[in-house]
Amino acid sequence: NYKVVFKQRTFYNIKVRISTQIRFIYNHRKCVVGACGAKVQMIKYTGGSPQQSRDGGLTGSLGTKKKILGVISIVVVLSLMMVGVRWLFFNVIKSSQMLDGLVEFRAAVVQDMEDGDASGMYYVSNVAKNDVHNINKYIDSAYGSVDTYRIIIETGRYLAIQLNYELSDNYYAVRKYIEGTDIPEDNIRAKQIYEVIDSFINDNISDGMSDLDKEIAVHDYIVENCVYGYPDNNDDAYTAYGALVLHQSVCDGYAEAFFIIMSCLGVKCDIVVGSTEEGLHAWNQIELGGEWYNVDLTWDDSLPDMGSYLKHTYVNVDDSTLELTHSWEKQFYRECADTAYNFYKKRFYTYDSFDEYKKGIRIQMGGSNVLEAAIYTDDETFDLSFLYNYGNIRSINYVVEDMGGYKVVVVYLNMK
């Protein structure tokens with residue numbers, strides 16, 4: 001900061017804060033240094049011989065002023081060069097690799113982990129540093145997590161980020177099944193997961209099955225063989241290892257197990273992390289017939305556990321139905337707007353009224369001890385005593401689930 005007064009000359013007090021975003025304008029005898037985000041103040045002085053300003057500023061000569069302006073000019077030019085180089089780096093050199101926003105950044109990270117990369121370099125814009133720090137909150141990958149990260153370059157809205165991954169047991173098990181890649185010798189858990197997957201597919205999947213048939217088979221296997229809860233090591237409850245090997249897990253384990261088996265079968269599938277009234281929750285999305293659907297195995301596994309008594313309330317439901325009980329950040333996941341592959345529609349277990357249900361439900365008798373149907377009605381309760389007329393039934397237990405536009409009625413038959 002300086003102030004200079006010369007006789008019959010007009011100069012200005014100039015205050016400049018240098019940043020990496022600076023414009024420089026030089027006018028003979030009127031010096032203006034402007035900056036994007038910099039503060040510039042000019043205070044006019046006129047008068048006689050050189051003198052010390054009232055606030056203690058230094059008097060000086062025109063030569064001193066020129067030297068100071070020269071230094072400022074050099075700093076400004078260097079700053080402009082740095083800004084220009086960084087702009088050129090992100091917008092020209094790395095333009096084809098730029099990821100705009102957290103959604104694109106997240107998708108790239110998930111894909112790289114699914115490809116088995118040990119690390120990745122990402123050039124992003126409009127991503128907050130805090131979101132980089134919390135990236136594991138967003139990626140929802142069954143194949144691993146971000147172990148460490150480093151921000152290499154930070155300038156304006158641009159970041160260059162290096163991530164290092166820790167691949168999970170699931171990754172090695174799936175790669176073994178799909179590609180025959182050897183599992184590391186010391187990874188016993190991955191080998192156990194692989195053995196369960198291989199055995200299940202050999203016993204339950206045939207060449208002629210549709211993707212829907214495969215989905216139902218995987219759904220039923222996991223729900224029937226896994227009990228909701230915590231094994232001895234609580235951390236295992238959040239993994240496919242807990243669901244498939246230990247047969248006990250919470251929602252994360254159900255979702256991971258479904259994801260990795262469907263991946264081995266070549267059916268596109270994702271994991272979704274959101275919440276319900278009970279707290280954080282995980283489920284899946286699956287692609288069938290070119291459309292995406294929500295699948296929640298955890299909510300199809302009754303409490304207390306019903307063993308082989310299976311239901312399919314949350315198999316292939318759309319977003320509008322699921323959001324009545326679930327919430328999630330939809331920008332990170334697929335849109336599920338179709339209902340063509342809803343379980344009850346594909347099985348023709350839908351009825352427009354309770355009277356139609358009473359006439360049609362009999363076709364399910366004898367095939368299973370569980371009767372399922374979707375009824376489009378506003379009724380809240382149902383008299384199911386008529387079922388006793390259709391067979392040697394000792395008792396009936398049933399549950400009604402309100403899905404918004406329809407009710408799912410699941411009846412458990414206890415036969416004589």
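Ile 260 touches Ala 142, Asn 170, Val 174, Ile 193, Ile 197, Ala 240 and Leu 244, leaving aside residues up to four places away in sequence. The model is predicted.

**Exercise 1.** Compare the span of helix H7 with the expected one.

*Solution.* 
- H7 covers residues 211-225, which is 15 residues.
- Its first and last C-alpha atoms lie 21 Å apart.
- At 1.5 Å a residue, 21 Å is expected, and the span is close to that.

**Exercise 2.** Describe how H7 packs with H9.

*Solution.* 
- Two packed helices are described by the angle between their axes and the distance between the axes.
- For H7 and H9 (residues 251-264), the angle is about 145° and the axes are 10 Å apart.
- The crossing is right-handed.
- H7 brings Lys 214, Glu 215, Val 218, His 219 and Ile 222.
- H9 meets them with Tyr 254, Ala 257, Phe 258, Ile 261 and Met 262.
- By class, the residues of this contact are seven nonpolar, one polar and two charged.
- Now check burial on the H7 side: Lys 214, Glu 215, Val 218, His 219 and Ile 222 are among the buried residues of H7.

Key: Residues numbered from 1 in each chain as written. Predicted model: local features only at pLDDT ≥ 70, side-chain atom pairs only at ≥ 80, totals over all residues. Heavy atoms only, no water. Helix = DSSP H or I, 4+ residues; strand = E, 2+ residues; numbered from the N terminus. Expected span 1.5 Å × (residues − 1). Buried < 20%, exposed > 50% of the residue type's maximum accessible area, 1.4 Å probe, protein only. Axes fitted to C-alpha atoms, helices over the stretch in contact; angles between N-to-C directions. Left-handed = near helix turned anticlockwise from the far one by under 90°. Contact = heavy atoms within 4.5 Å. Nonpolar A, V, L, I, M, F, W, Y, C, P; charged D, E, K, R; others polar.
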